[in-house]
Amino acid sequence: MRLLVTGGAGFIGSEFVRQTLREYPNDSVVVLDKMTYAGNLRNLLPVSDDPRFRFVHGDIIDANVVGELAADVDAIVNFAAETHVDRSLEAPGQFIQTDVFGTYVLMEAARRAGHERFLQVSTDEVYGDVASGRSLESDPLRPRSPYSASKAGGEMMVRAYRASYGLPAIITRGSNTYGPYQYPEKIIPLFITNALDDRPLPIYGDGQAVRDYLYVEDHTRGIDTALRLGSVGEDYNIGFGGETSGLEVADAVLGALGNPAALKQFV
């Protein structure tokens with residue numbers, strides 16, 4: 001496959017790019033990335049000399065750039081997004097612009113180019129607060145932050161394009177992902193870097209809220225499976241299948257690094 005991977009210089013996107021070029025010798029990848037704070041070309045150094053790889057610095061809301069790139073590939077995998085809940089509370093407009101309008105621009109390009117597949121990488125945050133049990137793909141979307149609302153809005157556009165234009169689109173919803181190259185604003189790398197500097201580990205509330213933590217390589221394998229083997233029109237949850245509280249994450253990090261429990265700070 002010839003793939004256009006948007007947001008491919010980010011944490012999860014770059015893992016997908018490295019994995020694809022490592023495991024599919026006949027595939028090629030074009031990465032389009034705006035290079036915001038979360039994008040880093042060092043994430044792509046392992047594949048920078050691969051003749052099947054090309055990097056383009058640009059924004060997914062630029063229809064001219066997107067259209068030109070889409071014309072030369074078979075499918076788009078959209079990782080490009082504003083992704084942090086706290087940041088979305090400060091600048092919700094940026095999230096709407098990238099996560100909703102940007103998704104529209106990509107789908108228009110995919111539709112015009114007659115692509116085989118369009119894969120929208122979404123998040124389990126769109127389900128909102130899950131008081132008990134686990135989310136099913138058929139559950140209603142109940143976003144609770146500008147971030148999750150913008151991702152849900154992107155999903156609604158994908159569903160509309162599937163129904164209105166027959167766009168061969170698939171949606172994946174991943175749980176909280178962690179691993180190498182992650183920007184240190186998310187809980188695990190934040191706790192690690194803070195602990196290394198003997199700084200407090202901020203724990204929301206009483207620390208009992210749980211999340212499903214998914215290793216990045218497992219997440220991208222799930223995305224790849226959905227892309228190549230998934231059914232067009234389907235949505236797929238990708239998760240580890242176990243829950244861990246914020247307090248447990250803090251204790252694990254402090255225990256591994258030998259830091260005192262006093263660094264835990266409830267906020």
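Trainee: Why is R111 called partly exposed?

Mentor: In this predicted model, R111 has a relative accessible area of 34%. Buried means under 20% and exposed means over 50%, with partly exposed in between, so R111 with its 34% is partly exposed.

Trainee: Is E108 buried or exposed?

Mentor: E108 has a relative accessible area of 11%. The cut-off for buried is under 20%, so E108 counts as buried.

Trainee: What makes E108 and R111 a salt bridge?

Mentor: Their closest N and O atoms are 2.9 Å apart. The definition asks for a side-chain nitrogen of Lys or Arg within 4 Å of a carboxyl oxygen of Asp or Glu, so the pair qualifies.

Trainee: How many residues apart are E108 and R111 in helix α4?

Mentor: They are three residues apart in helix α4 (residues 92-113), so about one helical turn separates them.

Trainee: Which parts does the salt bridge between E23 and R221 tie together?

Mentor: The closest N and O atoms of E23 and R221 are 2.8 Å apart, which is within 4 Å, so the pair is a salt bridge. E23 lies in helix α1 (residues 11-23) and R221 in helix α7 (residues 216-229), so the bridge joins parts that are 198 residues apart in sequence.

Trainee: Why are E23 and R221 called partly exposed?

Mentor: E23 has a relative accessible area of 32%, and R221 has 33%. Both values fall between 20% and 50%, so both residues are partly exposed.

Trainee: How many salt bridges does a search of the whole structure find?

Mentor: The search finds 17.

Definitions and conventions
Residues numbered from 1 in each chain as written. Predicted model: local features only at pLDDT ≥ 70, side-chain atom pairs only at ≥ 80, totals over all residues. Heavy atoms only, no water. Buried < 20%, exposed > 50% of the residue type's maximum accessible area, 1.4 Å probe, protein only. Helix = DSSP H or I, 4+ residues; strand = E, 2+ residues; numbered from the N terminus.
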